[in-house]
Amino acid sequence: MNYVPPIKEKSKIELMKQILISQNYRNYVIFTLAINYGRRITDILEMHVSDVRGKEYFNIIEDKTGKKIPIKVNDEVKRMLESYCSGRNDDEWLFQSKKCSAAYSTDSKGKTPLDRIQVWRDLKTAAEKCGIEEIGTHSLRKTFGYWLYKSTNDIALVQKVLGHRSPMDTLRYIGMEQEYIDSATTALCL
């Protein structure tokens, strides 16, 4: 698996949003949830409409750890989700594929959740238009971590939210390891 970096330019995040919303509102919602909450795409794709409709908090069950992660929903995301879920049934997948398949987990109508490969394809198309050379679904989680660190300067918080074992793992993950080391060593003058 190749390393994919976070998106470190806010202007590119805004441009991605504009492109994704013009492609498909669903793609915009996926991108917005991922960069605002730092959850893995596979975990977001397992959600149903009932998991988010009218909620102050929603819970994501991490596939990797099995942990239930409570997410406090900000007002902007709440409005976006209300609009996105309008007219939909509670038992529908939040991000539903057009395919019906017995090979995957299905809802009561035989629908399946959107596949992460399709999400990656949609992101890649938008990223190319933004001049972002490398992107993966994990870039969104890394983008969240990067901007959380930049806004708080609290690596322990970012480590906790992302579920990493060490601060250095987190710095490496969000593409800040060398910058952190450079900052610390250049500030030291003995």
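1. Five residues are named as buried in α1: Ile13, Met16, Lys17, Ile19 and Leu20. Buried means under 20% relative accessible area, exposed over 50%, and partly exposed in between, with a 1.4 Å probe and protein chains only. An α-helix has 3.6 residues a turn, so residues three or four places apart point the same way.

2. The model is predicted: local features need pLDDT of at least 70, side-chain atom pairs count only at pLDDT 80 or more, and totals for chains, interfaces and linings use all residues. Residues are numbered from 1 along each chain as its sequence is written, and side-chain values use heavy atoms, with hydrogens and water left out.

3. Helices (H or I, at least four residues) and strands (E, at least two) are DSSP runs, numbered from the N terminus.

4. Against α2 (25-37), α6 (116-130) and α7 (137-152) pack the buried residues of α1. Contact means heavy atoms within 4.5 Å.

5. Glu62 lies in the loop between β1 (57-61) and β2 (68-72). Glu62 counts as buried because its relative accessibility is 6%. Leaving out residues up to four places away in sequence, Glu62 touches Arg39, Arg40, Asp43, Lys67 and Ile69. With Arg40 there is a side-chain to side-chain polar contact at 3.3 Å. A polar contact is a pair of N or O atoms within 3.5 Å; within protein, one must be able to donate a hydrogen and the other to accept it, and residues adjacent in sequence count only if both atoms are side-chain atoms.

6. Gln118, in helix α6, is partly exposed at 27% relative accessibility.
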